[in-house]
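Me: Could you walk me through reading a structure, one feature at a time?

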Amino acid sequence: MNIPSLNIFAGGPDSAPAPYEGADGGITIARERFGHVDHAEHTLDTTVANLEAILALPAHDPERVNETEMAAIKSSYNDSFSAEQTEIVSTEPTPAAKFDPNDPEAREQAARDLAMQAHLDNPVVSAARQQLFDRQQQ
Amino acid sequence: MKKLLKKFVSQKREERQAELYRNLIRHEAKIGGQLFGPIPKNHRREFFCLDERTWIWHEEWIDGNGSVQTKTTRYDVRPDGILKAQDGQPYQRVDLDEARNLRQAAHEYKLRIKTELYNFI
């Protein structure tokens, strides 16, 4: 029986590439590969450390989290942040969820989802939002 | 003619280097699969670092009906958090515990491949 496999595993010998393949620049490739892993591990390490640090910051006070979160949103929107803009965003239906514009909770959630998406690359905002989200799930 | 030959040789070298790179990942994946304890019978487990921000967990097994089942989890490391996607499902954020486990696995992974695969460099 053929076992479906990721492309990356398809074909090729099973034995480890030997160092003598260095004649073709193999050692250079191995160094490059190991450097890659080293960097990847470092990135992961830094990310987890950042998360730990951010989550440890605002204690467990929902109001403080909200303030931090709102300040971060305002600063990232710069001067364009306004209640009106939030209103417009929040009435946009999302195909994934059956959005009811008359349901305040759904509107708030939609605004939160959109903002979260928009700020995915902003560590402070997304961490604060993640904390809110986690709290909602509990 | 000389130019053509030069191009051919250079292309061959690039192909060989790409093949070597894939082989290295394949072996890392095998070593990575052993990090999480014994692998059950009829299972194949691979865990590897694809690039600076992507880690892959791939598991294959044969279920009670003799069918092959697979599950692939991709972890995407971003500056603000870690997302994971399983078998084409939408991304979801990993919680801090899972992120810590992944970090521990990455430490162990680097240590093992350094000792077992890259000890000659």
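**Strands, rings and charges**

Reply: Strands here are DSSP runs of E with at least two residues, helices are runs of H or I with at least four residues, and both are numbered from the N terminus. Two strands pair if DSSP finds at least two bridges between them. This is a predicted model, where local features need pLDDT of at least 70 and side-chain atom pairs count only at pLDDT 80 or more, while totals for chains, interfaces and linings use all residues. Residues are numbered from 1 along each chain as its sequence is written, chains are lettered from A and ligands numbered from 1 in the order in which they are written, and side-chain values use heavy atoms, with hydrogens and water left out.

Me: Which residue in β2(B) is the bridge partner of F48(B)?

Reply: I56(B) is the partner of F48(B). The link from β1(B) to β2(B) is a hairpin through two residues.

Me: How many bridges pair β2(B) with strand β3 (residues 68-78) of chain B?

Reply: Nine bridges, again in the antiparallel sense. Within this pairing, E59(B) has K71(B) as its bridge partner in β3(B). The hairpin of β2(B) and β3(B) has five residues between the strands, and G66(B) there takes a positive phi near 80 degrees. As a general idea, side chains in a regular strand alternate between the two faces of the sheet.

Me: How do I read aromatic pairs?

Reply: Rings of Phe, Tyr and Trp (its six-membered ring) pair if their centres lie within 6.5 Å; planes under 30 degrees apart are stacked, over 60 edge-to-face, and the rest tilted. The count by this rule is seven aromatic pairs over all chains. One of them is edge-to-face, because the ring centres of F36(B) and F47(B) are 5.2 Å apart and their planes stand at 90 degrees. These two residues are 11 residues apart, F36(B) in the loop between α1 and β1 of chain B and F47(B) in strand β1 of chain B.

Me: Is F47(B) buried or exposed?

Reply: Buried means under 20% relative accessible area, exposed over 50%, and partly exposed in between (1.4 Å probe, protein chains only). F47(B) is therefore buried, at 1% relative accessibility. F47(B) also pairs edge-to-face with Y109(B), with centres 5.8 Å apart and planes at 90 degrees. Y109(B) lies in helix α2 (residues 96-116) of chain B, so the pair ties together parts that are 62 residues apart in sequence. Ring pairs link F36(B), F47(B), W55(B), W57(B) and Y109(B) into a cluster.

Me: What about the salt bridges?

Reply: The rule is a side-chain nitrogen of Lys or Arg within 4 Å of a carboxyl oxygen of Asp or Glu. Over all chains, 16 salt bridges are counted. E28(B) and R33(A) form one, with their closest N and O atoms 2.8 Å apart. It crosses between chains, from helix α1 of chain B to helix α1 (residues 26-56) of chain A. E28(B) and R33(A) are both buried.

Me: Which side chains does D76(B) meet in salt bridges?

Reply: D76(B) meets R53(B) at 3.0 Å, N to O, and R78(B) at 3.5 Å. D76(B) counts as buried at 5% relative accessibility, whereas R53(B) is partly exposed at 40%.
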